[in-house]
Amino acid sequence: MSLLVDSHYVFENNGIHDITKDEVTTGTTIIAAIYDGGVIIGADSRTTTGAYIANRVTDKLTKVCDNIYCCRSGSAADTQAITDIVAYYMDLTSIQMNEPPLVRAAANVFKNLIYENRHQLTAGVIVAGWDSRFGGQVYSINVSGTIVQQNIAIGGSGSSYLYGFMDSQYKDGMTQQECENLVLNAITLAIKRDGSSGGVVRMGVINKTGQIQRKLVLGDQLPKFYDNIYEEKQVEGGDAMV
């Protein structure tokens, strides 16, 4: 078996590309949004190795500490390793300060790790949570280590289908239910268009309780939208329409 470095594809001796040997990635759709009282996080559940679906029910909402979670996109191994390191630092911080860590502290540790290792890692994360000092917060950190605080952040391969939708639908001061519906609808739309997104939709609500409230929507329970598939119609007294 030979490895072609330029294309990152693995081929068997017969020259056929083995899709099961590609890097495991969370080609994905991840979203975090602030509502009036906390934050909503959401993600699909598909993990791929190239064109092969390695896992249909991955949990991409990863705990950093009780009041802070992150949504992962990029290399599954890289994002898991970084999250473990940040979780360790946040545990130390909570012990030293005798209070839950700040969301911005966790986001900055993510940013430093990704920026300092940007040439070796493929990791993009959205950090979201609630703390008593600043309330609900969302931070987006891309693969180069750039950090931006936003009211709503989207990431992953499915996000390219959602920018216009989110701009038109999101507004300040949304209720929890409105924000949950927005996140669910957005991920559903991305699943429909993006081949690397799929499976179920996992969501979490983080607010002043300091604990996440998880919600799961199965594939057959997702919202229904217009399906642009042509159906042949029969004209009365004539042939079918072309």
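Where is the place of Asn 98? Asn 98 lies in the loop between α1 and α2, and the legends below describe these elements and others of the chain.

The model is predicted: local features need pLDDT of at least 70, side-chain atom pairs count only at pLDDT 80 or more, and totals for chains, interfaces and linings use all residues. Residues are numbered from 1 along each chain as its sequence is written, and side-chain values use heavy atoms, with hydrogens and water left out.

**View 1. The chain as a whole, with 4 helices and 15 strands.** Helices (H or I, at least four residues) and strands (E, at least two) are DSSP runs, numbered from the N terminus. Of the 242 residues in the chain, 44% are buried; buried means under 20% relative accessible area, exposed over 50%, and partly exposed in between (1.4 Å probe, protein chains only). Contact means heavy atoms within 4.5 Å. Of the contacts between residues at least 6 apart in sequence, 59% join residues at least 24 apart.

**View 2. Helix α1 and its buried face.** The 22 residues of α1 should span 32 Å at 1.5 Å a residue, and the 31 Å between its end C-alpha atoms agrees with this; the expected span is 1.5 Å times one less than the number of residues. Buried in α1 are Ala 76, Asp 78, Thr 79, Ile 82, Thr 83, Val 86, Ala 87 and Met 90. Seen down the axis, these residues fall within an arc of 155°, so they line one face of the helix; the arc is that of the directions from the helix axis to the C-beta atoms. Asp 84, Tyr 88, Ile 95 and Gln 96 are exposed on the other side of α1.

**View 3. Asn 98, the residue that follows α1.** Phi of Asn 98 is near 60°, a positive value in a residue other than glycine. Most residues other than glycine have a negative phi. Asn 98 counts as exposed because its relative accessibility is 70%.

**View 4. The packing of α1 and α2.** The two helices pack at an angle of about 140°, with their axes 10 Å apart. Axes are lines fitted to C-alpha atoms, for helices over the stretch in contact, and angles run from 0 to 180 degrees between N-to-C directions. In this meeting, Ile 82, Thr 83, Ile 85, Val 86, Tyr 89 and Met 90 in α1 face Ala 105, Ala 106, Val 109, Phe 110, Leu 113 and Ile 114 in α2 as contact partners.

**View 5. Helix α2 and its buried residues.** Helix α2 (residues 103-116) has 14 residues and reaches 20 Å from its first C-alpha to its last, close to the 20 Å expected. Val 103, Ala 106, Ala 107, Phe 110, Leu 113 and Ile 114 are its buried residues. They cover an arc of only 130° around the axis, which puts them on the same side of α2. Their packing partners include β8 (61-65), β9 (68-74) and α1 (76-97).

**View 6. Phe 110 in helix α2.** Phe 110 counts as buried, at 0% relative accessibility. Leaving aside neighbours within four places in sequence, Phe 110 is in contact with Val 64, Cys 70, Ile 82, Thr 83, Val 86, Val 125, Val 127 and Ile 141. Phe 110 and Ile 141 are 31 residues apart in sequence and 7.7 Å apart in space, C-alpha to C-alpha.
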